[in-house]
Amino acid sequence: QARLVESGGGLAQPGGSLRLSCAASGFSMDYYDIGWFRRQVPGKERELISCISARDSSTNYADSVKGRFTVSRDNINNMVYLQMNSLKPEDTATYYCASGCNIRAIMDYWGKGTLVTVSS
């Protein structure tokens, strides 16, 4: 069954770091832009925080995470990563990866999410 699975979430202190992973199985990530989204409040719409393109691995970030988060991809191993540094309490959210970067589009694949909590 084709799917995306996130991992790496957990509890971090303010100023700390976490690295999230997004693993694809059953399909190749090569042909997809991959977006990282987060939902900070249950019931609120997910917001795009980072995107990495399929064509040339170019990246984009939301202003809220620019300079602190770094997205990368490893097409050989069918993985995408989100390195999160200088974490803030407001980064607390459930983080999702998806096979696209347009929240208005119908994605082929969504992960189920991984929870990140930033607290002292």
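**Salt bridges, disulfides and core contacts in the predicted model**

The side chains of Arg 104 and Glu 45 form a salt bridge, with an N to O distance of 2.8 Å, the term denoting a side-chain nitrogen of Lys or Arg within 4 Å of a carboxyl oxygen of Asp or Glu. Arg 104 belongs to the loop between β9 and β10 (114-118), whereas Glu 45 belongs to the loop between β4 and β5 (47-52), so the pair ties together parts that are 59 residues apart in sequence; here helices (H or I, at least four residues) and strands (E, at least two) are DSSP runs, numbered from the N terminus. With a relative accessible area of 65%, Arg 104 is exposed, while Glu 45, at 45%, is partly exposed; buried refers to under 20% relative accessible area, exposed to over 50%, and partly exposed to values in between, computed with a 1.4 Å probe on protein chains only.

The structure is a predicted model, in which local features need pLDDT of at least 70 and side-chain atom pairs count only at pLDDT 80 or more, whereas totals for chains, interfaces and linings use all residues. Residues are numbered from 1 along each chain as its sequence is written, and side-chain values use heavy atoms, with hydrogens and water left out.

Side chains of opposite charge can pair when their charged atoms come close. Arg 38 takes part in a salt bridge with Glu 47, at 3.0 Å from N to O, and in another with Asp 91, also at 3.0 Å from N to O. The latter pair ties together parts that are 53 residues apart in sequence, because Asp 91 lies in the loop between β8 (79-84) and β9 (93-98) and Arg 38 in strand β4 (residues 34-39). Arg 38 has a relative accessible area of 4% and is buried, and Asp 91 is likewise buried, whereas Glu 47 is partly exposed, with a relative accessible area of 28%.

Two disulfides are present in the structure, a disulfide being assigned to a pair of cysteine sulfur atoms within 2.5 Å. One of them joins Cys 22 to Cys 97, with an S to S distance of 2.1 Å. The torsion about the S-S bond of this pair is about 80 degrees, so the disulfide is right-handed. Since Cys 22 lies in strand β3 (residues 18-25) and Cys 97 in strand β9, the bond ties together parts that are 75 residues apart in sequence, and both Cys 22 and Cys 97 are buried. Another disulfide joins Cys 51 to Cys 101, with an S to S distance of 2.0 Å. Its S-S torsion is about 85 degrees, so this disulfide is right-handed. Distant parts of the chain are linked by this pair, with Cys 51 in strand β5 and Cys 101 in the loop between β9 and β10, 50 residues apart; Cys 51 and Cys 101 are both buried. When the bonded cysteines of the protein are numbered in sequence order, the pairing is 1-3, 2-4.

The largest nonpolar core comprises 26 residues, of which Trp 36, Leu 82, Met 84 and Tyr 95 touch the most other members; such a core is a set of buried Ala, Val, Leu, Ile, Met, Phe, Trp, Tyr and Cys residues joined through side-chain atoms within 4.5 Å. Two or more residues are given to this core by each of β3, β4, β5, β7 (69-74), β8, β9 and β10, and β3 gives the most, with four residues. When neighbours within four places in sequence are left aside, the contacts of Tyr 95 include Trp 36, Leu 82 and Met 84, as well as Arg 38, contact meaning heavy atoms within 4.5 Å. Also among the contacts of Tyr 95 are Glu 6, Leu 20, Phe 37, Ile 49, Phe 69, Gly 113, Thr 114 and Val 116.

With regard to backbone geometry, most residues other than glycine have a negative phi, and most peptide bonds are trans. Ser 57, although not a glycine, has a positive phi of about 60 degrees. This serine is placed in the loop between β5 and β6 (59-61) and is partly exposed, with a relative accessible area of 35%. Asn 78, also a residue other than glycine, has a positive phi near 60 degrees. Asn 78 is located in the loop between β7 and β8 and, at 14% relative accessibility, counts as buried.
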